[in-house]
Amino acid sequence: MEPRWSSAFYPCPPSIIFLLVVTSYTWLLPVTSPERVLPDPQAAPEYAHSIRLDGDIILGGLFPVHSRGDRGTPCGELKKEKGIHRLEAMMFAIDLINKDPELLPNITLGARILDTCSRDTYALEQSLTFVQALIERDGSDVRCANGDPPIFTKPDKIVGVIGAAASSVSIMVANILRLFKIPQISYASTAPELSDNSRYDFFSRVVPPDSYQAQAMMDIVTAMGWNYVSTLASEGNYGESGVEAFVHISRETGGVCIAQSLKIPREPRPGEFDKIIKRLLETSNARAIIMFANEDDIRRVLDAAKRNNQTGHFLWVGSDSWGSKISPVIGQERVAEGAITILPKRASVDAFDRYFRSRSLSNNRRNVWFAEFWEENFNCKLGMHGKRPGSLKKCTGLEKVGRDSSYEQEGKVQFVMDAVYAMAHALHRMHRELCYGYPGLCPRMAQNIDGKELLSHIRAVNFTGTGCLGCWTAGTTRVPTVTRTGRRLDSTAAGSAGTPVVFNENGDAPGRYDIFQYQITNRTAEYRVIGSWTNKLHLKVEAMHWRTGDPSLPPSVCSLPCRTGERKKVVKGVPCCWHCERCEGYHYQASEFTCELCPYEMRPDLNRTGCVPIPIIKLEWHSPWAIVPVFISMLGIIATSFVIVTFVRYNDTPIVRASGREMSYVLLTGIFLCYVITFLMIATPDVGVCSLRRIFLGLGMCFSYAALLTKTNRIHRIFEQGKKSVTAPRFISPASQLVITFSLISVQLVGVFVWFAVDPPHILVDYGEQRTQNPMSARGVLKCDISDLSLICSLGYSILLMVTCTVYAIKTRGVPETFNEAKPIGFTMYTTCIIWLAFIPIFFGTSQSAERMYIQTTTLTISLSLSASVSLGMLYMPKVYIILFHPEQNVPKRKRSFKAIVTAATMSGKLTQKGDRPNGEVKTELCESMETNNPESDEDFSEPSESEDEEFTVKKPTKTKKDKVSTKDRMKPDPTSEKDKQPSKPSKTKPEAAGGFNS
């Protein structure tokens, strides 16, 4: 980046450089007579390129009458609006002030107006004219040809300068004027650098600095939803300072990223602007272009965009250098359509319009550039000395501005007049202080006007309202006019647009802007006001119009906005460019850039912008998972109830008595509880249900298998004891059996009560059981606080009883089926073991399944029901069948002695070891063995009594003839009869079909 032109970059103090330049420049001035030069600009050569208005107090003026010339040429084409309109506004304001009897009475303002040619170096040379009167010339070594001392032309003493327009020019000139304490008021320079009161202490301006403008443009960009823009600046203080201020604000506020910052060279090479357009297209998403460029550069940028077929692509946001000017968009309206521009708040000065329209070649000879303007404006040529080459029509001099040519007041006219009025008000305050009551200039002001004192009066200026700007007429009579709002203008001094004119401590004006958009409607192109900015943006988005006709705002973003539920993953180094990442799983979009995990009991909502509670479920009665086990349980309860009723109804029959009534009822109670537990497992969990689950979950099985274990253990002890002696084992009576059974059951109850004490029952919502990868499928399961381990512990004791019972069933498998029910118990236990072996892998294998609650509950309840059904079917259904359908078999049978039964069992075991033999042969041999080895086999047995169920009578019974006859009548054939030594066929009736032993 090239250094900016300011005193900060000079290798030596500016005063030394200035004196060197002035010294060389002074000796080149022509030597003329000391007489005052006539007002006619053509009267003397030194005023051929400047305007001089005579007066008591002379103000300097700097205006860009011409554009910057090509290489080697300081000045280029004439600027009709920015040059001629503005300098005419200064002369018009001076005319009004000189005619105002209340502002600087009896004092005439004059002017010395110079052309800067839009070039800072050229303007620096021109501005030396303003300080000539403050330099003493030493003519002692200079003599005229006749030997007389030289007579130097006395230059005008400039007390203040109005200008310049470009910030770079103002900075150059300000460095010179501050050395001579000449106050300067600019009407268009907005560079933030000029707010530095330590370096530019004599500089003031009636326009707000670019720091305000940059903030206003940033607010516009933000309001449009643009976050990715490029900047384009003309090389120099204005463009570079404006872009720098914009970039600084964007970094401070965030939210807007700069894709590219390009600079237009002071002396652009051919094709330079085409290269700029191509570079801007490298970041095509950055459609918005923030422009701090001069009028010429704006026009050439638009032209390059048009040549590269980019009409409608770029969204131009122009600074006040673009404003509402016509010249940059002439001939390229389409490419400029939709441009948003900013301009310090102003109002058109109607009096100036009337003044300027009345100007002609005959009444405006004081303006040395007016003839050139005439040719340019009317596209004609003034005689042979005209400025415009080519065969153009000849100017008649009768053309009229606004009638024979288009006319629109230039945007900075108001500010030029405000600057002149501000200087006049400061001089008026100074005159009132130094020359109070003195008509005209008093000696204190006539001899020397202190620039520092004048500066203090400038900074204290504060005038509002409207001045007598509408009082101008073509003649000399001052007739008050009426403004466009219908308000009569009085003669009080004020700002030209009715806005307050004040300066802060740095000489800056407050920030007040109008916002324009260049629109084409019905083939008519014009700037339309779409908002304003006064420390805050007021934008009428509905008033905006775009080339596509779409009312929605065009985008200028690096990345499209993320959808709801997506976070932005910012590209490193480019905070406005990002990739959108969806918040996955149980994460929700906590902010624009972060996803956070929902609380454990919650899940993201559909948009993933927040969290909602996870639905809570339980096993419903209408669920298929519940209907099947409930159906099985209902059948089981009905069947169990039927068996219990049958047993109660036939309680005194041999079958029921032989089954062991007390133990049967205990076993049936356990079976009934196994069915009932299904309803507790499916019921809605609460503290009561959870308590009942703990109690009855293992209690039903405990009842069942405690009773079966007691039975099988009794059978095993009886036959083991019989092998040793004829004495019956202890604790085989019904009362003993009940005591043993309930002792085993009490262990289960004690464990449950200890569980109650250690961990009181309560309910919980398990959110982990159905915490699926898809949070929309997640459910919280309302359940009792019973873990899998607690469940196994609760059932473990019952399983232990079941396994032990199975072991005893295996040990008693050799007992003949005609004497006991060991084999049905064995089949029951084998089947039950198979059921529970299948239950374990199903139960624990589905622990990670989303359907865990349903599968495990259903599996558990069905396993319990099947276990109960096996016991009920194998142990009791045959008995019920005999009781109901074969009552002839439900009669008392003969008794056998303990020794005979044990001997039979022993012989059965021996025969079984000899090999596989037909059942008939085995049983025949068994009977023969019993007759051979049992001398008491022919004994008769008495009928069982009420109190002797399942008891063995080990004493020898008394034989009677009646008993023998009775026995013979009941048993046909009798396997123990001495008359028939041959083996008889086994009885088809099974006296012990229901199991048990008769005493």
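Author: Gladly! The accessible surface of the chain comes to about 45,900 Å², with 57% of that belonging to carbon and sulfur atoms; such areas come from the Shrake-Rupley method with a 1.4 Å probe, and for residues only the protein chains shown count as cover. This is a predicted model, in which local features need pLDDT of at least 70, side-chain atom pairs count only at pLDDT 80 or more, and totals for chains, interfaces and linings use all residues. Residues are numbered from 1 along each chain as its sequence is written, and side-chain values use heavy atoms, with hydrogens and water left out.

Of its 999 residues, 51% count as buried, that is, under 20% relative accessible area, with exposed meaning over 50% and partly exposed in between (1.4 Å probe, protein chains only). The secondary structure comes to 26 helices and 27 strands; these are DSSP runs numbered from the N terminus, helices being H or I with at least four residues and strands E with at least two. Among contacts between residues at least 6 apart in sequence, 71% join residues at least 24 apart, a contact being heavy atoms within 4.5 Å.

Now to the sheet itself. Three strands form an open sheet in the order β25-β27-β26, with mixed pairing. β25 (616-617) and β26 (763-770) stand at the edges, each with a single partner strand, so one side of each is left without a neighbour in the sheet. Two strands pair if DSSP finds at least two bridges between them. β25 and β27 (residues 779-784) are joined in the parallel sense by two bridges, and I617 stands opposite V781 in β27. Helix α22 (residues 852-875) packs on this sheet and touches β25, β26 and β27. The direction of α22 makes about 115° with that of β26; axes here are lines fitted to C-alpha atoms, for helices over the stretch in contact, and angles run from 0 to 180 degrees between N-to-C directions.

In β6 (residues 158-162), five of its five residues are buried. β6 pairs in the parallel sense with β2 (residues 57-63) over four bridges, where I58 stands opposite I158. With β7 (residues 184-186), β6 has a parallel pairing over two bridges, and I162 has I185 as its bridge partner.
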